[in-house]
Structure formats: structure tokens, C-alpha cells
Amino acid sequence: MEKDTNCAYCMEGELVAKFGIKICELETSKLYLFKEQSHKGRVIVAHKKHVGDMTELSEEERNAYFADIAKVSLALQKAFCPDKINYGAYGDTGHHLHFHLVPKYKEEYEWGGVFAMNPGEKTLTEEEYQSLIEKIKEYL
């Protein structure tokens, strides 16, 4: 599988560590906990292939990727009981297909508006990150 040496999702390690913690690999994707946790349980589901758009996947690959996204969404719903999960797919600067899954809670941060990409307001301890990861894994 072709990799881009400048891509955080392809190379992982230090590049991903700037913003995320790898939780696991699913059938077609890699799942990361987003370090900025203003939205409890926010994750990124990145495709294993280095493609910039879902149209670069076959129909079968695309369906399998969206099945992974749905599986993660269901796990987040069970683990954290959000009022809504927002989905964001961007690629202006990072040309690797990935979705942000952002649990939103009516009585908390940014309800009723678009989520900030990286508000830089809430980071956790290593123990708190691990606790969130274990809770998500429990429902995958």
C-alpha cells in the first residue's frame, strides 16, 4: 500500500502524536483519539489507504470504510451518550481521507454550532486518555 512520508496517518509516530493517540485498527481504517477533548470522546477515523477523497475508493472499499465509521459512531454513542455526533471530513491541508467524529452534548461546549477544529482548550492526563480509550474499545 502506497504511503506518503509527509502524512501523519501514513507514517504515524511523531506526526500523529502531535494531535492524536492510536486506539486500534479496524477493517479499513485506523482509529485515533483526538488529544484535544473539549468534546468528550472525539476521535478520527482515517482510511488505511493514502487517498484524498472517497471517490478514489472502489464502491466496496467505500462501503467498508463507512461501515467502520458507523461502528465507531455506535461505540461512541454507547460509551458517552452524546446528544448528537457531528461528522467532519476535511482535507485542505492533510490529503488523507479521514473523518472527525465529534460527540456533542446539549449542556456543554459548542452545542448548536459548528465544532472548532482544534480549540486548544482541553487536554487530559495520560490516565484520562487511557480511560477514554478503554471505554471506546469496550463497545467496538
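Predicted model: local features only at pLDDT ≥ 70, side-chain atom pairs only at ≥ 80, totals over all residues.
Residues are numbered from 1 along each chain as its sequence is written, and side-chain values use heavy atoms, with hydrogens and water left out.

Start with the big picture: there are four helices and five strands, where helices (H or I, at least four residues) and strands (E, at least two) are DSSP runs numbered from the N terminus. Along the sequence they read α-α-β-β-β-α-β-β-α. Of the 140 residues, 42% are buried, meaning under 20% relative accessible area with a 1.4 Å probe and protein chains only; exposed is over 50%, and partly exposed is in between.

Now zoom in on α3, residues 59-80. Its 22 residues should span 32 Å at 1.5 Å a residue, and the end C-alpha atoms sit 31 Å apart, which agrees; the expected span is 1.5 Å times one less than the number of residues. Its buried residues include Y65, I69, V72, L76 and F80. The buried residues of α3 pack against β2 (29-34), β3 (43-47), β4 (84-88), β5 (98-104) and α4 (126-139), with contact meaning heavy atoms within 4.5 Å. Just after the helix, C81 takes a positive phi of about 50 degrees.

Finally, look at Y90, in the loop between β4 and β5. Y90 counts as partly exposed because its relative accessibility is 39%.
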